[in-house]
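Hi everyone, thanks for coming.

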Amino acid sequence: MTILHLLFYLAAGITLLGGVFVLFSSRLVQAAFALVLSLSSLAVVYLLLGAEFLAIAQLLVYVGGILVLILFGMMLTHTLRGGELVAESGYRWRALLVVAALGALGTYAIEKVDWQKRMPVETSGNTVEMGSNMKNIGVGLMTDYVLPFELAGILLLVALIGAAWLSGSFLKSTSGK
Amino acid sequence: MIPLAHILVLSGLLFLVGLAIVITRKNYILMLMGIELMLNAANINLVAFSKTSAGAMQGQFFALFVMVVAVAEVAVALAILLKVYQYYQSVNTHDTTQLKG
């Protein structure tokens, strides 16, 4: 049990706790910030798994981008009257049933397969050698993965222009009222 | 190193939490958050398996593209939600019942 193990289990626990808080919190803004906590500790998990680039991308994309988008979405889709933004929940038993069934299936699958034998995990795994991973990702994106990379760029462009067009007409029509 | 099974358990639990959020919450924005958690749970798996075979980075690349698609999805979904709000003055599932869903 090294410090890295400890850090991994701590980050995993914070990730799950943040998710559970989103599940049970009735206040929207608190749920959004719990999601921030959850996703940023997930970046720590990525870092410990040796994916530095993904960890940084996670922070930039999720914490910097998506959470701001979600908070703006909350702001624009609720009439603020000085009170708290409260959200209800329902279908508790159905959710419990589905989650329990899927959880049992997943547990069975994880138990059944001998992962260590089937997939030898690299034992080196030191995250100290920064840079090598980044270089591999950069070279990979420009050589083997150049087509999906460009397609992702086009997808983002199309989606963002579409989103801007949709919400742009929203802002115009509400200010015109 | 961390056993692969523990990472898989983390990802599975995170996926279940996201699924429970999508089923139980009645606010569309909170449901979006649940979808984000589910996408992230899948990403953990991809990263974990990209560690298993030496030198292979396919998992990390795939996780990167999943992230891009997640951004596009959230942006479009929030734009649609603005339209829904404009029409119904609400973003709750029990108010948007015109399709009898």
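**Where the two chains meet**

Okay, this is a predicted model, and I'd like to begin with polar contacts: between chain B and chain A there are six residue pairs of that kind, both residues having pLDDT 80 or more. And how many salt bridges are there between chain B and chain A? The count is zero.

Which parts of chain B touch chain A? Helices α1 (4-24), α2 (28-50) and α3 (58-88) of chain B each bring at least two residues to that side. The largest share is from α3(B), with 23 residues.

Now the interface as a whole. On the chain B side, 64 residues are in contact with 81 residues of chain A. Together the chains bury about 6,700 Å², and carbon and sulfur atoms give 78% of that. In chain B, the residues losing the most area to chain A are B:Met1, B:Lys51 and B:Leu82, together 10% of what that side buries.

Over to the surface. There's a nonpolar patch with about 940 Å² of accessible area, and its members include A:Met1, A:Leu6, A:Leu37 and A:Val44. Both α1 (3-24) and α2 (28-48) of chain A supply at least two residues of the patch, but α1(A) gives the most, with seven. A:Leu6 sits in that helix, α1 of chain A.

Last, confidence. Chain A has a mean pLDDT of 83, with 83% of its residues at 70 or more. Over residues 123-131 of chain A, though, the pLDDT is below 50. Within chain A, helix α1(A) has the highest confidence, at 93, while α5 (residues 115-118) has the lowest, at a mean of 67.

How values were computed
Residues numbered from 1 in each chain as written. Chains lettered and ligands numbered in written order. Predicted model: local features only at pLDDT ≥ 70, side-chain atom pairs only at ≥ 80, totals over all residues. Heavy atoms only, no water. Patch = residues over 30% accessible without salt bridge, like charges linked within 9 Å, V, L, I, M, F, W, Y side chains within 5 Å. Areas by Shrake-Rupley, 256 points an atom, 1.4 Å probe, with all protein chains shown as cover. Salt bridge = Lys/Arg side-chain N within 4 Å of Asp/Glu carboxyl O. Helix = DSSP H or I, 4+ residues; strand = E, 2+ residues; numbered from the N terminus. pLDDT = per-residue confidence, 0-100. Contact = heavy atoms within 4.5 Å. Buried area = accessible area lost by both parts, 1.4 Å probe. Polar contact = N/O pair within 3.5 Å; in protein donor to acceptor, adjacent residues only side chain to side chain.
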